[in-house]
Amino acid sequence: MKGIVFNLLEEVVTADLGADAWFELVEASAVSGVYTSVGSYPDEDLYKLVEVASQGLGLSPDEILRDFGRKAMPLLAARYGALFSGHEHSRSFILSVNDIIHPEVRKLYSGAACPHFHFQQGANGRLMVGYRSPRNLCQLAHGFVHGAADHFGNEVEITHDLCMKDGDPICRMALEWSR
Ligand code: HEM
């Protein structure tokens, strides 16, 4: 996992709970805690940080990942405004993830292992989002979608109807916008 992800997590934890909370989390997770944005670090560090945060805050790891993803989006918007500015709605922004956003990310962060999403139009304007990754981070994607909706002033309902963590071959989310 690229260091930028850990940098974002540090920023979110620090903004919510203070700098000490980040240092305590790093210590309790027994991870190095030193992450440069372009460096690559073990995925296990992220899982460990999420697990320990979940125990400390009494939330599930899924809730931690969703919250992190949602709160990371404004930080991404501040860093990569150009990726947002061509869009008026989070739907088209999300639809640009395979062809524009993540390819740009791969240019900036060599070796980034960004997931590929499978998009399909569903009934009543819904967008079906298929995801498969050995990292099993569909809840992070969920948080990013929520954060993107916040950014564009939209409201979206996200339902996971398939999940690799339940033994399904892929994860699939249905996104339904009311605004
Ligand atoms: C400006 C917007 C975005 C930026 C800059 C960005 C950047 C990144 C970066 C740097 C990684 C880490 C790759 C690695 O460490 O190897 C990543 C992974 C990921 N991204 Fe994005 N991303 C953006 C938008 C999105 C959106 C809209 C979604 C969901 C629809 C998404 C879903 C994910 C997921 C789930 C991962 C975790 C890796 C995995 O599942 O294998 N990203 N992204």
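**Figure 1. Two domains of the protein chain.** The domain assignment gives domain 1 (3-63) and domain 2 (88-177). The bounds come from an automatic or database domain assignment. This is a predicted model: local features need pLDDT of at least 70, side-chain atom pairs count only at pLDDT 80 or more, and totals for chains, interfaces and linings use all residues. Residues are numbered from 1 along each chain as its sequence is written. Taken over C-alpha atoms, the centres of domain 1 and domain 2 are separated by 22 Å. Five residues from domain 1 and four residues from domain 2 make the contact. Two residues are in contact if their C-beta atoms, placed from the backbone, lie within 7 Å. On the side of domain 1 that touches domain 2, the residues are two nonpolar, one polar and two charged. Here Ala, Val, Leu, Ile, Met, Phe, Trp, Tyr, Cys and Pro count as nonpolar, Asp, Glu, Lys and Arg as charged, and the others, Gly among them, as polar.

**Figure 2. The fold of the protein chain.** The protein chain has eight helices and four strands. Helices (H or I, at least four residues) and strands (E, at least two) are DSSP runs, numbered from the N terminus. Along the sequence the pattern reads α-α-α-α-α-α-α-β-β-α-β-β. The C-alpha trace spans about 45 × 35 × 30 Å along its principal axes.

**Figure 3. Helix H3 against helix H4.** H3 covers residues 43-57 and H4 residues 61-79; their axes come within 8 Å and cross at roughly 110 degrees. Axes are lines fitted to C-alpha atoms, for helices over the stretch in contact, and angles run from 0 to 180 degrees between N-to-C directions. Angles under 35 degrees count as roughly parallel, over 145 as roughly antiparallel, 65 to 115 as roughly perpendicular and the rest as oblique. From H3, Val-50, Glu-51, Ala-53 and Ser-54 meet Pro-61, Ile-64 and Leu-65 in H4. The residues of this contact are five nonpolar, one polar and one charged.

**Figure 4. Helix H1 against helix H4.** The axes of H1 and H4 come within 9 Å and cross at roughly 100 degrees. H1 is thus roughly perpendicular to H4. H1 contributes Leu-8, Leu-9, Glu-11 and Val-12 to the contact, and H4 contributes Phe-68, Lys-71, Ala-72 and Leu-75. Six of these residues are nonpolar, no residue is polar and two are charged.

**Figure 5. The shell around the ligand.** The ligand is surrounded by 26 residues; the closest are Lys-2, Ala-113, Ser-133, Arg-135 and Ala-141. A residue counts as near a molecule or strand if its C-beta atom, placed from the backbone, lies within 6 Å of it. Helix H1 (3-17), helix H7 (97-108) and helix H8 (138-152) each give two or more residues to the shell. H8 supplies the largest share, five residues. By class, the shell has 22 nonpolar, two polar and two charged residues.
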